[in-house]
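Please keep the sequence and the model at hand while reading.

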Number of protein chains: 2
Amino acid sequence: METLKIIKIGGNIIDDSQALASFLSQFAKLEGPKVLVHGGGKLATQLAKQMNIPVEMNKGRRITNADTLDIITMVYAGKINKNIVAQLQSHSCNAIGFSGADGNTIVSDKRSTQPIDYGFVGDVKQVNTNTLELLLNSNITPVFCAITHDENGQLLNTNADTIASELAIGLTSNHNTELYYCFEKNGVLKDITNDNSVVETINIKTYKSLIDNRIIADGMLPKLNNCFHAIKNNVNKVCIGKPEMLFTPNTLYTTIQK
Amino acid sequence: METLKIIKIGGNIIDDSQALASFLSQFAKLEGPKVLVHGGGKLATQLAKQMNIPVEMNKGRRITNADTLDIITMVYAGKINKNIVAQLQSHSCNAIGFSGADGNTIVSDKRSTQPIDYGFVGDVKQVNTNTLELLLNSNITPVFCAITHDENGQLLNTNADTIASELAIGLTSNHNTELYYCFEKNGVLKDITNDNSVVETINIKTYKSLIDNRIIADGMLPKLNNCFHAIKNNVNKVCIGKPEMLFTPNTLYTTIQK
């Protein structure tokens with residue numbers, strides 16, 4: 001089976017137009033079928049401020065109320081997604097922007113309002129890959145924003161890391177899938193102050209000891225849970241690191257193993 | 001060849017959530033391949049006001065400066081397009097949202113800055129239908145917002161009526177294409193105060209006399225120019241009227257003929 005790369009980029013690239021332009025020019029040149037998943041960065045928060053829409057919080061976490069969902073849809077699916085697609089086209093990478101509603105590709109359940117009502121937030125229920133396979137076979141690159149739908153007309157805010165892992169899992173039927181989480185560090189670090197102290201491989205056993213030793217904590221926990229979810233469900237390769245891991249030989253990064 | 005319907009809806013439907021929901025539920029049931037093109041309505045102007053972004057005008061016409069292009073991209077390609085796609089999915093119509101950048105489907109030239117600099121406005125140069133044909137053959141419905149690109153990474157604000165006519169013309173190679181412009185009236189009216197005074201057919205000769213007699217003026221002129229552009233370029237049927245013309249037998253509307 002042909003190798004398919006699913007690559008997720010986050011706020012550190014999205015929020016820096018030069019970093020984004022540089023990433024996209026290199027991403028466009030990657031050979032073989034590929035899917036890009038992007039987060040939202042700070043633009044949605046900036047727009048909410050400009051529009052005087054208050055950020056609603058519950059126990060320290062942001063709530064996606066109707067106004068916030070509108071903002072996210074405008075920023076993620078509109079401004080960010082279409083500008084990424086246009087830039088990829090300028091590098092002769094034939095991209096099409098997707099939310100999970102487009103092609104009914106990602107169906108979510110609205111998260112239960114108990115114990116905390118997060119509002120219009122979706123947990124992925126089903127990935128439909130027929131349309132994606134059709135496009136990948138025609139050398140087209142899907143570009144996903146972090147929005148899904150419930151099949152009843154409701155858009156839902158969904159974690160971009162989860163979208164990347166669920167797409168990678170869904171696309172294993174016809175591809176050898178590789179999942180790359182790009183972020184601001186060289187991977188999981190033994191010493192957070194030393195970007196060269198990369199843990200080069202993590203498996204389930206070492207994962208537990210890394211958590212026990214507080215080397216993995218906070219924001220890295222859900223990211224690594226997505227990684228293990230993917231590797232347990234037949235994704236062939238799962239990596240975390242800087243975007244350079246995709247383009248530059250001998251770059252340090254963390255590989256997740258079963 | 002199979003008949004393909006290209007249907008354009010404008011502000012009068014987009015701005016009225018009940019009218020839009022009703023239209024989409026009926027559109028979803030239309031048999032055969034179809035393409036939806038939507039305008040923007042008043043939402044972009046509302047958002048600009050909320051964000052305190054001034055509307056820049058030149059000789060009475062709005063200029064698409066960089067801020068306005070961002071707003072249009074957020075509202076048209078984000079909020080409106082994705083909500084339409086999600087609603088169509090809820091009616092089992094498998095839709096995918098498009099700007100002209102997606103799939104490199106519509107390439108525009110930025111309009112000359114002489115005699116008036118309209119800013120980031122694009123005039124359609126080329127329509128690439130390969131990807132659209134692939135999707136239409138798989139029973140997928142493309143939904144276009146009124147944004148194109150220049151193949152150099154720049155998004156461009158583009159007239160939705162023109163997008164509809166250019167798509168209809170481009171898709172004539174493999175389809176018998178029918179172009180429907182939906183708006184708030186029953187068609188071209190002999191007497192603007194009487195919605196039943198529909199001019200049922202217009203051809204080039206009668207068009208000129210209708211202009212001379214001031215029955216066609218103002219906003220109807222560019223719409224009818226798009227109609228004649230389409231009918232001259234092998235589009236099989238071009239109609240103007242209320243959306244009911246698509247769904248309800250014996251509805252009055254105007255048909256454009258060669």
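## Relation of the two chains

Chain A can be superposed on chain B with an RMSD of 0.0 Å by a turn of 180° together with a shift of 0.0 Å along the axis, the copies being fitted by least squares on the C-alpha atoms of residues with pLDDT of at least 70 in both. That is the relation of a two-fold axis. In general, two copies of a chain are related by a rotation about an axis and a shift along it.

This is a predicted model, in which local features need pLDDT of at least 70 and side-chain atom pairs count only at pLDDT 80 or more, while totals for chains, interfaces and linings use all residues. Residues are numbered from 1 along each chain as its sequence is written, and chains are lettered from A and ligands numbered from 1 in the order in which they are written.

## The interface

Which parts of chain A touch chain B? In total, 35 residues of chain A are in contact with 35 residues of chain B; a contact requires that the C-beta atoms of two residues, placed from the backbone, lie within 7 Å. The elements of chain A that give two or more residues to this side are helix 4 (66–90), strand 5 (95–98), helix 5 (130–137) and strand 9 (147–149). Helices (H or I, at least four residues) and strands (E, at least two) are DSSP runs, numbered from the N terminus. Helix 4 of chain A gives the largest share, 14 residues.

By type, the residues on this side of chain A are twelve nonpolar, 18 polar and five charged. Here Ala, Val, Leu, Ile, Met, Phe, Trp, Tyr, Cys and Pro count as nonpolar, Asp, Glu, Lys and Arg as charged, and the others, Gly among them, as polar. Because 100% of the interface residues of chain A are also interface residues in chain B, the copies meet through the same surface.

## Overall form of chain A

Chain A contains nine helices and 14 strands. Its radius of gyration is 18 Å, close to the 18 Å that the globule rule gives for 258 residues, so chain A is as compact as a globular protein of that length. The radius is taken over C-alpha atoms, and the rule is 2.2 Å times the number of residues to the power 0.38. Along its principal axes, the C-alpha trace of chain A spans about 45 × 45 × 35 Å.

Of the 258 residues of chain A, 51% count as buried. A residue is buried if 20 or more other C-beta atoms lie within 10 Å of its own, exposed if 12 or fewer, and partly exposed in between, with C-beta atoms placed from the backbone.

## Buried and exposed residues

The buried residues of helix 5 (residues 130–137) of chain B are Thr131(B), Leu132(B), Leu135(B) and Leu136(B). They cover an arc of only 130° around the axis, which puts them on the same side of helix 5 of chain B; the arc is that of the directions from the helix axis to the C-beta atoms. Their cover includes strand 1 (3–9), strand 5 (95–98) and strand 8 (141–144) of chain B.

Is Asn83(B) buried or exposed? Asn83(B), in helix 4 of chain B, is buried, with 24 other C-beta atoms within 10 Å. Pro54(A) lies in the loop between helix 3 (43–50) and strand 3 (57–58) of chain A, and Pro54(A) is exposed, with 10 other C-beta atoms within 10 Å.
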